[in-house]
Amino acid sequence: MNEMSTSSHAVELEADPVCARAPVGLLAELTHRCPLQCPYCSNPLELERVNTELSTEDWCRVMRQAGELGVLQVHLSGGEPTARKDLEEIVKAAVDAGLYTNLITAGVLLTKERLQRLADIGLDHVQLSIQDVDAENADRIAAYKGGAAKKHEVAGWVKELGLALTINAPLHRQNIASLPRIIDYAVEVGAGRLEIAHIQYYAWALKNRAALMPTEEAFMETARIARDAKERLKGILVIDFVVPDYYAKFPKPCMGGWGRGIMNVTPSGRVLPCHAAESLPGLQFDNVKDRGLREIWLEGDAFNLYRGTDWMKEPCKSCPRKEIDFGGCRCQALALTGDAANTDPGCSLSPHHADWAKVAREESHNAAPDFIYRRMAAKPAS
Ligand code: SF4
Ligand code: SF4
């Protein structure tokens, strides 16, 4: 996902100081349908089915409510958002609500005519994901033949239509050697921004960690390449470099801090503080069919549970960084320590850190197992 800037246009809400501003961004997962099967997909293992998806009317209402709340940017995501036949209507509602619109797409379902229609409606930005610049490897990673060639064509259309373009390149041990060519590719297609995103190990990526985890040496080399490219390409390409938690000293503030900047709406309308939050047991999530976005943001139980710092245990509780990273990721803390209120094991101060990092380092040196591709589970027999 694109980095989201804060702005003085954010609406001041008469609430608790930790949520005194409206969320900057709304991540709208329009559908979990996707023709690709990336083994690192951040969608949940239990994908939502088409018959549970919000209607056009529901999504348009969400866009209006987001505008009223003071949200600045909407990220139209999935799955693959262009699988929705009503994408044009949803984009129109977002544009009419005054939102900056970012289409996060794998590109393979787009036609030039459809992209033209979206541009005419007012779409601002396209974030196009690539699996590799080596077409054969890219198609293997996504389990989709011809995908790499189509994405290249789509990047050309985006530029031709005058839309802003970000290339998103998730990086892992099976494409890491291509990084210099990925940077050249982003320049060649005229992207304004390149997101070199080392995989974050939740959901499908956690299932595939042994197949995806690079060695620390390989990771360090990517950091060097990205640093050099940032310097060399100043004024041509903005490069965002996302570090993998396993090789970092301190965790990232997950979603900028729980309930601080982002709302995530799933295809069926559940509103989450973070796209992986459904992995936390016992949390009840409000649905946009029952409650307005503003009320959910201010009063929703799930948003308030880990908002701010009062919920923290040691070592976070007395740590000087607690207002910087907010204890890292709750979902990772749960998945790897058994308690969502623990310090993220990605933090070097966590008592779980050493064991956690050791397993990943070992995996990175072993032969990579086959991918477990992201697929919809077979329907349970009725
Ligand atoms: S990561 Fe891959 S499988 Fe998941 S939504 Fe994106 S393109 Fe589809
Ligand atoms: S102890 Fe907690 S607050 Fe301190 S750096 Fe680690 S995760 Fe962040």
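## Burial and basis of the model

A residue is buried if 20 or more other C-beta atoms, placed from the backbone, lie within 10 Å of its own, exposed if 12 or fewer do, and partly exposed in between. H75 is buried, because 23 other C-beta atoms lie within 10 Å of it. This residue belongs to strand β2; helices (H or I, at least four residues) and strands (E, at least two) are DSSP runs numbered from the N terminus. H75 and G25 are 50 residues apart in sequence, yet their C-alpha atoms are 7.3 Å apart in space.

The model is predicted: local features need pLDDT of at least 70 and side-chain atom pairs pLDDT 80 or more, while totals for chains, interfaces and linings use all residues. Residues are numbered from 1 along each chain as its sequence is written, with chains lettered from A and ligands numbered from 1 in the order in which they are written.

## Surroundings of the two ligands

The shell of ligand 1 consists of C34, L36, Q37, C38, C41, N43, G78, G79, E80, A106, S129 and R374, a residue being near a molecule if its C-beta atom lies within 6 Å of it. By class, 5 of these residues are nonpolar, 5 polar and 2 charged. Here Ala, Val, Leu, Ile, Met, Phe, Trp, Tyr, Cys and Pro count as nonpolar, Asp, Glu, Lys and Arg as charged, and the others, Gly among them, as polar.

Ligand 2 has 14 residues around it, and the closest are C316, C319, R321, K322 and C347. Its shell divides into 7 nonpolar, 3 polar and 4 charged residues.

## Nonpolar core

The largest nonpolar core contains 99 residues, of which M63, A66, V74 and I90 touch the most other members. Such a core is a set of buried Ala, Val, Leu, Ile, Met, Phe, Trp, Tyr and Cys residues joined through C-beta atoms within 7 Å.

V74 touches M63 and A66, and also L26, A28, A94, L99, T101 and N102, when residues up to four places away in sequence are not counted. Contact means C-beta atoms within 7 Å.

## Helices α4 and α5

Helix α4 (residues 135–142) and helix α5 (residues 147–160) have axes that come within 7 Å and cross at roughly 105 degrees. The two helices are therefore roughly perpendicular, the term for angles of 65 to 115 degrees. From α4, A135, A138, D139 and A142 meet G147, A148 and A149 of α5. This contact has 5 nonpolar, 1 polar and 1 charged residues.

G147, placed in helix α5, counts as buried because it has 22 C-beta neighbours inside 10 Å. Beyond its neighbours within four places in sequence, G147 is in contact with A138, D139 and A142, as well as L36 and V108. L36 is also part of the shell around ligand 1. Between G147 and E136, 11 residues apart in sequence, the C-alpha separation is 9.4 Å.

## Backbone exceptions

Most residues other than glycine have a negative phi, and most peptide bonds are trans. A cis peptide bond with omega of about 10 degrees joins G78 and G79, both of which are in the shell around ligand 1. G79 lies in the loop between β2 (73–77) and α2 (87–96). Another cis peptide bond, with omega of about 5 degrees, joins E314 and P315; P315 is in the loop between α11 (301–305) and α12 (322–325).

Phi is positive in A143, near 55 degrees, and in M255, about 50 degrees; neither residue is a glycine. A143 lies in the loop between α4 and α5 and is partly exposed, with 17 C-beta neighbours inside 10 Å. M255 occupies the loop between β7 (238–242) and β8 (262–265) and is buried, with 26 other C-beta atoms within 10 Å.

S42 sits in the loop between β1 (25–29) and α1 (56–69) and counts as partly exposed because it has 18 C-beta neighbours inside 10 Å. The C-alpha atoms of S42 and Y201 are separated by 8.6 Å, although these residues are 159 apart along the chain. Leaving aside neighbours within four places in sequence, S42 is in contact with Y202, A203 and H275.

R361 is located in helix α14 (residues 353–365). With 14 C-beta neighbours inside 10 Å, R361 is partly exposed. Its C-alpha atom is 9.1 Å from that of Y247, 114 residues away along the chain.

Terms used
Two residues are in contact if their C-beta atoms, placed from the backbone, lie within 7 Å. Axes are lines fitted to C-alpha atoms, for helices over the stretch in contact, and angles run from 0 to 180 degrees between N-to-C directions. Angles under 35 degrees count as roughly parallel, over 145 as roughly antiparallel, 65 to 115 as roughly perpendicular and the rest as oblique.
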